[in-house]
Amino acid sequence: QVQLVESGGGLVQPGGSLRLSCAASGSVVSINAMGWYRQAPGKQRELVATITRDGRMNYADSVKGRFTISRDNAKNTVYLQMNSLKPEDTAVYYCNAAISVFPGRWNYYWGQGTQVTVSS
């Protein structure tokens, strides 16, 4: 059994910062790509940022220059540093990871989501 547990969401004023964390636990053999997605009310879930095991990063155009994704492989944890937050960043943020619980077999797992609200 694998769990992804997110933390760090909350209410912040425009221009503020938040740092999200997502830790994988359980029968983890290895983790490949990890990422963050978000879903605003009435909209589809969209990619925010991804990072490979060796640190290659990819960002949505809407967050480039403001958000930074990083990971700690020893802790099976991925982070999302969000700066210069805007009201349009308001959404539920979900962690996603490609995890192997058996050598050679991979599945994608999702966290439960954490709410980020940007409002004055």
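View 1. The model is predicted: local features need pLDDT of at least 70 and side-chain atom pairs count only at pLDDT 80 or more, while totals for chains, interfaces and linings use all residues. Residues are numbered from 1 along each chain as its sequence is written, and side-chain values use heavy atoms, leaving out hydrogens and water. Strand 9 and strand 11 (residues 114–118) run antiparallel and are joined by three bridges. Strands are DSSP runs (E, at least two residues) numbered from the N terminus, and two strands pair if DSSP finds at least two bridges between them.

**View 2. Strand 9 and strand 4 (residues 30–39) form an antiparallel pair with eight bridges.** Gln39 has Val92 in strand 9 as its bridge partner. Strand 9 spans residues 91–102, and nine of its 12 residues are buried, so the strand is largely enclosed by the rest of the structure. Buried means under 20% relative accessible area, exposed over 50%, and partly exposed in between (1.4 Å probe, protein chains only).

**View 3. Strand 9 and strand 10 (residues 105–110) make a hairpin.** Their antiparallel pairing comprises six bridges, and Ala98 is partnered with Tyr108 in strand 10. Two residues lie between the strands, and Gly104 takes a positive phi near 85 degrees.

**View 4. Thr68 lies in strand 7 (residues 67–72).** Thr68 counts as partly exposed because its relative accessibility is 42%. Beyond neighbours within four places in sequence, Thr68 contacts Tyr59, Tyr79, Leu80 and Gln81; contact means heavy atoms within 4.5 Å. The C-alpha atoms of Thr68 and Met82 are 6.6 Å apart, with the two residues 14 apart in sequence.

Conventions
Helix = DSSP H or I, 4+ residues; strand = E, 2+ residues; numbered from the N terminus.
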